[in-house]
Amino acid sequence: MREISYRDALREALREEMQRDPTVFLLGEDIGRYWGGAFKVTKGLAEEFGDERVRDTPISESAIVGAAVGAAITGMRPVAEIMFGDLTTLAMDQIVNQAAKIRYMFGGQAKAPLVIRTPFGGGVNIAAHHSQCLEAWFMHVPGLQVVVPSTPYDAKGLLKTAIRNDNPVIFCEHKLLYPITGPVPDEEYTLPFGVADIKREGNDVTIVATLYMVHKALKAAEELEKDGISVEIVDPRTLVPLDKETIINSVKKTGRVVIVTEDCKTAGVSAEIAAVIAEKALDYLDAPIKRVANPDVPIPFSPPLESFVIPDEKRIIEAVREVVY
Amino acid sequence: MRNASLKPLGKSFTEGVRMAVKIVMPRLSLTMKTGSVVRWYKREGEEVRKGEPIVEVLTEKVTYDIEAPEPGILRKIYAKEGDEVPVNGLLAVITKPDEPLPEIEVEMEKPKVEIKERIPASPAAKRLAREYGMDLSQIAGTGPGGRIVEADVRRYIEEKLEYKPKIREVIPLTGVRKISAERVAKSAREAPHCTLCMEVDMTEASKFKESLGVSFTDIIVKAVAYALKEHRIMNSTLEGNKIKVFDEINIGVATATPQGLVVPVVKNADKKSLPELSAEIKALVKKAREGKLEHSDVSGGTFTVTNLGMYGVEVFTPIINPPEAAILGVGKIIQKPVVEENQVKIKPMMTFSLSFDHRIVDGAPAAQFLAKIKEILENPSILKD
């Protein structure tokens with residue numbers, strides 16, 4: 001199978017959906033022909049589909065999402081890009097109080113089928129305003145779907161599903177994932193929401209990881225295998241809906257679990273997953289649930305401090321060793 | 001020796017002459033067996049005033065300050081902070097300032113009571129132990145801090161001699177199952193069972209069955225009713241010191257249903273014609289299978305017929321349906337070689353198993369009853385009227 005980058009996989013998904021459905025259009029800051037998006041995901045699409053369908057917007061996240069919500073209600077399928085996940089804060093009212101609630105409050109007579117694509121995550125030395133992982137905020141809002149693809153294959157299949165989904169979808173990307181390559185088939189496919197993927201099979205311990213942490217967990221698992229520790233890696237792929245069953249079944253098999261996410265530990269994604277495991281599989285746990293996440297601090301600008309804060313292979317390995325005894 | 005009062009009081013060490021005072025672990029509740037020393041407010045050699053707290057002790061749920069019952073010097077402490085001390089165990093001695101420490105037999109026996117300690121075990125280990133009915137206190141833990149992990153329980157189960165099989169599911173004993181359980185247990189416990197078996201040549205009965213278009217069960221019920229008329233003692237019940245012989249012949253037909261075994265009863269079976277009986281049995285069995293039997297359908301039985309022939313069973317030892325005196329088990333019809341007039345012939349043979357309550361009837365009359373059934377079934381035309 002051909003290998004393409006995560007960035008190119010996203011672009012393919014956008015292109016295919018725009019070709020398939022004339023109501024799909026893109027809007028966001030610098031996504032058009034002059035810049036092609038801060039991370040070049042939309043590069044070339046303005047030339048292909050025209051400026052009407054690939055719209056550069058003013059620097060106002062609230063306006064971007066507000067316009068997208070309005071367009072969605074009137075029958076379009078907008079895909080908005082927020083240049084950095086941190087800046088979704090500026091559009092929070094539009095996301096949380098408008099987009100998330102329209103379908104419910106209009107009893108299904110109106111819906112807001114929009115997608116908000118945005119990159120989260122650190123590791124590129126752009127400091128506290130541009131490095132956060134805020135997925136957990138959106139998990140907490142009924143009405144939103146939250147997608148966290150970790151590979152080019154998942155990114156393409158899930159973005160196509162997100163665009164066709166009738167609910168507002170927060171499509172979380174990660175800056176370090178854009179250049180990562182992986183197999184993506186030529187033929188068309190979509191991936192369902194709420195179906196986790198087992199990225200690696202193992203018997204001794206389950207690692208639940210999301211986004212870029214999936215790749216760090218895979219490297220950690222290789223190291224651990226040298227010591228005879230067999231690691232299973234579960235990638236939920238969508239946080240809302242969350243595939244609890246796959247997580248629970250893996251934990252029932254291994255009896256030990258380490259949850260690795262890049263958001264802050266307190267009230268984070270890992271907290272929700274840990275709670276689900278404690279509720280549904282307590283009797284199968286042979287060791288305490290272990291979480292590897294960011295400490296509750298802003299992401300430092302200093303590269304050494306940043307790499308200290310964000311979980312790495314070493315911390316994952318240490319956590320696994322703590323629960324495998 | 002006793003310190004009956006809940007109020008913790010030191011007691012006089014030497015009766016009459018009030019000198020050194022022992023401080024002992026008070027009994028703070030009726031169930032309290034031990035207490036532990038939390039902390040000493042005073043050091044050895046320190047002066048204490050009457051009523052001044054000198055030590056904090058802890059029992060199951062509460063902490064309590066023991067006050068000095070007399071002024072003096074806290075001469076000697078016998079229990080360190082954290083020590084577990086039985087009720088009335090010595091904690092300290094208070095003396096007069098110039099008084100030497102009296103020689104005291106220190107009864108610092110270790111507490112004999114078993115202290116139920118929390119056994120550290122992972123939830124997975126606990127689940128497995130529960131499934132196998134294992135006692136965690138017998139298992140050595142290999143996890144951090146001696147925590148018992150799943151592998152420890154598994155190892156223990158494998159090594160343990162007294163192996164208990166894993167429970168797959170627990171079915172509560174309710175409804176029909178519960179009633180059945182109680183009744184068969186009562187019957188097996190109280191009525192001395194004796195089972196007689198007899199083979200019956202069903203050649204004629206088979207022809208008879210075909211000619212009338214009824215079932216074997218119908219014919220057998222009719223034959224039993226007929227035989228009971230001549231052997232009334234088989235149609236009776238034992239109540240205390242009285243054997244009560246029934247006037248009615250009401251025959252229960254044991255029927256397997258999805259809910260369990262039920263026994264609908266054909267009332268006055270001896271007075272009904274075969275076609276009537278057949279129709280009634282058919283209706284009752286249908287009701288039974290559909291769970292629609294009413295109380296009147298299953299009560300008033302005086303004798304029971306149970307058939308396992310359709311499952312291939314030849315002979316069995318049925319349990320009497322209490323409070324009846326006997327039950328007739330019906331087996332499968334099997335083509336068997338039978339010697340008749342010095343010739344081997346193949347005949348359809350059916351074995352009947354009659355269990356009876358030996359308190360009510362002896363073997364000989366029961367055998368005669370069974371022989372009567374055989375006689376009827378081998379000459380079934382008498383059942384026609």
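Trainee: What percentage of the 325 residues of chain A count as buried?

Mentor: Bear in mind that this is a predicted model. To count as buried, a residue needs 20 or more other C-beta atoms within 10 Å of its own. Of the 325 residues in chain A, the share that counts as buried is 51%.

Trainee: And how many helices and strands does chain A have?

Mentor: Residues 24 or more positions apart make up 79% of chain A's contacts with a separation of 6 or more. As for the elements themselves, chain A has 11 helices and 14 strands.

Trainee: How many residues of chain B are in contact with chain A?

Mentor: Start from the chain A side, where 8 residues take part. By class, those are 5 nonpolar, 1 polar and 2 charged. Across from them, chain B puts in 9 residues.

Trainee: Over to helix 2 of chain B. Against which helix do its buried residues pack?

Mentor: Helix 2 covers residues 150-159, and its buried residues are B:Glu150, B:Asp152, B:Val153 and B:Tyr156. They sit on the same side of helix 2 of chain B because they cover an arc of only 160° around the axis. The face turned away from that buried side carries the exposed B:Glu158 and B:Glu159. The buried residues pack against helix 1 (123-131) of chain B.

Trainee: Now the open sheet of 6 strands in chain B. Which are its edge strands?

Mentor: Read the order, 10-19-18-17-13-16, with mixed pairing. An edge strand pairs on one side only, and here that gives strand 10 (193-201) and strand 16 (265-266) of chain B.

Trainee: Which helix packs on that sheet?

Mentor: Look for one touching strand 10 and strand 19 (343-357) of chain B. Its direction makes about 25° with that of strand 10 of chain B. That's helix 8 (residues 363-378) of chain B.

Trainee: Last one: is B:Val214 buried or exposed?

Mentor: B:Val214 lies in the loop between helix 4 (203-212) and helix 5 (216-230) of chain B. Beyond its neighbours within four places in sequence, B:Val214 is in contact with B:Lys209, B:Ile219, B:Leu274 and B:Ser278. B:Ser278 is 64 residues away in sequence, yet 6.3 Å away C-alpha to C-alpha. B:Val214 has 21 C-beta neighbours inside 10 Å, so B:Val214 counts as buried.

Conventions: Residues numbered from 1 in each chain as written. Chains lettered and ligands numbered in written order. Predicted model: local features only at pLDDT ≥ 70, side-chain atom pairs only at ≥ 80, totals over all residues. Contact = placed C-beta atoms within 7 Å. Nonpolar A, V, L, I, M, F, W, Y, C, P; charged D, E, K, R; others polar. Helix = DSSP H or I, 4+ residues; strand = E, 2+ residues; numbered from the N terminus. Buried ≥ 20, exposed ≤ 12 C-beta atoms within 10 Å, placed from the backbone. Arc of directions from axis to C-beta. Pairing = 2+ DSSP bridges. Axes fitted to C-alpha atoms, helices over the stretch in contact; angles between N-to-C directions.
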